[in-house]
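Please open the model in a viewer and keep the sequence panel at hand.

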Amino acid sequence: MIVGDSKPLEEILSMIEGRDKVLVLGCRGCVTVCNVGGEKEVGILASALRIARKKDGLPPTVDEMTLERQCDPEYIEELAEVANKYDAIVSIACGVGPQFVAERFGDVAVFPGINTTFIGGALEHGVWAERCQSCGNCLVHNFGGLCPIARCSKSLMNGPCGGSDSGNCEISPDVPCVWDQIVKKMAVMGRLEELEQVWPNKNWLTARDGGPRKRVREDLKQ
Amino acid sequence: MRLQYPTNVRVIQLPCSGRVDILHLLRSFEDGVDGVYVAGCMEGDCHFLTGNLKARRKVEYVKKVLGSLGIEPERIEMYNMSSAQGPRFAEVAREFTERIKELGPSPVGKAQAA
């Protein structure tokens, strides 16, 4: 899923300063699963904003709405009848949400209420870790199912580097060295000799380095 | 026992302090209350094992939210007491009421009344 973190309340309050009617807009997709932008979090943020406004004697209109997804136009369309009633829409979806809303409703000010951090998974309830960098050319099968692009601090294809220390990365003892894990996993699987392959420079054109990406599926396109 | 405690304390019963929700706590402040405290069982004595520990974490979360909004975080507190500690219940009610009296009315309630 796409994982995010709530922006500080102070930052959100300064974004919507001077805007009377505010809509907090959640998403039932990834951000619901990582407990940062679903219906519950919409309720908490909207309540906090109302408290702040009441405290300052400002109009407390902070409404709540949660869409099925904010990354599909048909769900964004559900806003069509209400969007113009607001002076600000605070989207707590990933970075796609505020952009889709802003693209569809040109005259409404849209603000992001969360910081989109990474593509990852839950290690346990309340703990998430990065697992994919969307490089556009998946190679994890060569490394025991562990991604050296997303999980090595240097994205090394031929690791480990000299900074691997007792299973941890030199950047922090809290960051496991994925190359240490790869070597151990391949050894357990009896595939250690596969790591003798030297990988040439990775072609990053499929990643963000090739510019913004777009994908067209002719079999699905209407 | 017929213990006296301040009449301004409104008791809202829950099956376990773990049932308390961040939204319950925030909405109280939204409605202008001056303070909220959660009275859970003694730590380690939760019938549901961790209900009171979860309640404490939610209280801590709301303390942070209030701080960010420029409202005294002391307006919300977590207390632990057993159901056999009637005198302690009354003592906490008095103690917290005194704390809130010192802090004065909630800035939210004050703005609403004005």
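In which helix of chain B is the place of Ala90(B)? Select helix H3 of chain B, residues 86–103, and Ala90(B) will be found within it. Bear in mind throughout that this is a predicted model.

**Stop 1**

Centre the view on Ala90(B). This residue is partly exposed, because 16 other C-beta atoms lie within 10 Å, and burial would require 20 or more. Next, display Leu3(B): its C-alpha atom is separated from that of Ala90(B) by 6.7 Å, although the two residues are 87 apart along the chain. With neighbours within four places in sequence left aside, the contacts of Ala90(B) are Leu3(B), Gln4(B) and Tyr5(B).

Move to Tyr5(B), which belongs to the segment before H1 of chain B. Tyr5(B) is likewise partly exposed, with 17 other C-beta atoms within 10 Å. Once neighbours within four places in sequence are excluded, Tyr5(B) is in contact with Ala90(B), Ala93(B) and Arg94(B).

**Stop 2: the paired strands of chain B**

Select strand S1 of chain B (residues 36–40) together with S2(B); the two run parallel and are joined by five bridges. Within this pairing, Tyr37(B) stands opposite Glu77(B) of S2(B). Which residues form the covered face of strand S2 of chain B, and which the uncovered one? In this strand, residues 76–80, Ile76(B), Met78(B) and Asn80(B) are on the covered face, whereas Glu77(B) and Tyr79(B) are on the uncovered face. In a regular strand, side chains alternate between the two faces of the sheet.

**Stop 3: where the chains touch**

Show both chains and select the contact between them, to which chain B contributes 15 residues and chain A 14. On the side of chain B, helix H1 (22–30), helix H2 (51–68) and helix H4 (107–113) each provide at least two residues. H1(B) has the largest share of that side, with six residues. Coloured by residue class, the side of chain B that touches chain A comprises 11 nonpolar, two polar and two charged residues.

**Stop 4: the domains and cores of chain A**

Colour chain A by its domain assignment: domain 1 covers 2–118 and domain 2 covers 135–206. The C-alpha centres of these two domains of chain A are 38 Å apart.

Now select the largest nonpolar core, which has 60 residues; Val22(A), Val24(A), Val31(A), Ala48(A), Val90(A) and Ile92(A) touch the most other members. Helix H3 of chain A, residues 39–55, gives the most to this core, namely eight residues. A separate core of seven residues includes Phe143(A), Cys152(A), Cys169(A) and Ile182(A).

Zoom in on Val31(A). Beyond its neighbours within four places in sequence, its contacts include Gly4(A), Val36(A), Ile92(A), Cys94(A) and Ile114(A).

**Stop 5: helix H3 of chain A**

Finally, select H3(A). Of its 17 residues, 14 are buried, so this helix is largely enclosed by the rest of the structure. At 1.5 Å a residue, H3(A) should span 24 Å, and the distance of 24 Å between its end C-alpha atoms agrees with this expectation. Just after H3(A), select Gly57(A), where phi is positive at about 70°.

Terms used: Residues are numbered from 1 along each chain as its sequence is written. Chains are lettered from A and ligands numbered from 1 in the order in which they are written. This is a predicted model: local features need pLDDT of at least 70, side-chain atom pairs count only at pLDDT 80 or more; totals for chains, interfaces and linings use all residues. A nonpolar core is a set of buried Ala, Val, Leu, Ile, Met, Phe, Trp, Tyr and Cys residues joined through C-beta atoms within 7 Å. A residue is buried if 20 or more other C-beta atoms lie within 10 Å of its own, exposed if 12 or fewer, and partly exposed in between; C-beta atoms are placed from the backbone. Helices (H or I, at least four residues) and strands (E, at least two) are DSSP runs, numbered from the N terminus. Two residues are in contact if their C-beta atoms, placed from the backbone, lie within 7 Å. Domain bounds come from an automatic or database domain assignment. Ala, Val, Leu, Ile, Met, Phe, Trp, Tyr, Cys and Pro count as nonpolar, Asp, Glu, Lys and Arg as charged, and the others, Gly among them, as polar. The expected span of a helix is 1.5 Å times one less than its number of residues. Two strands pair if DSSP finds at least two bridges between them.
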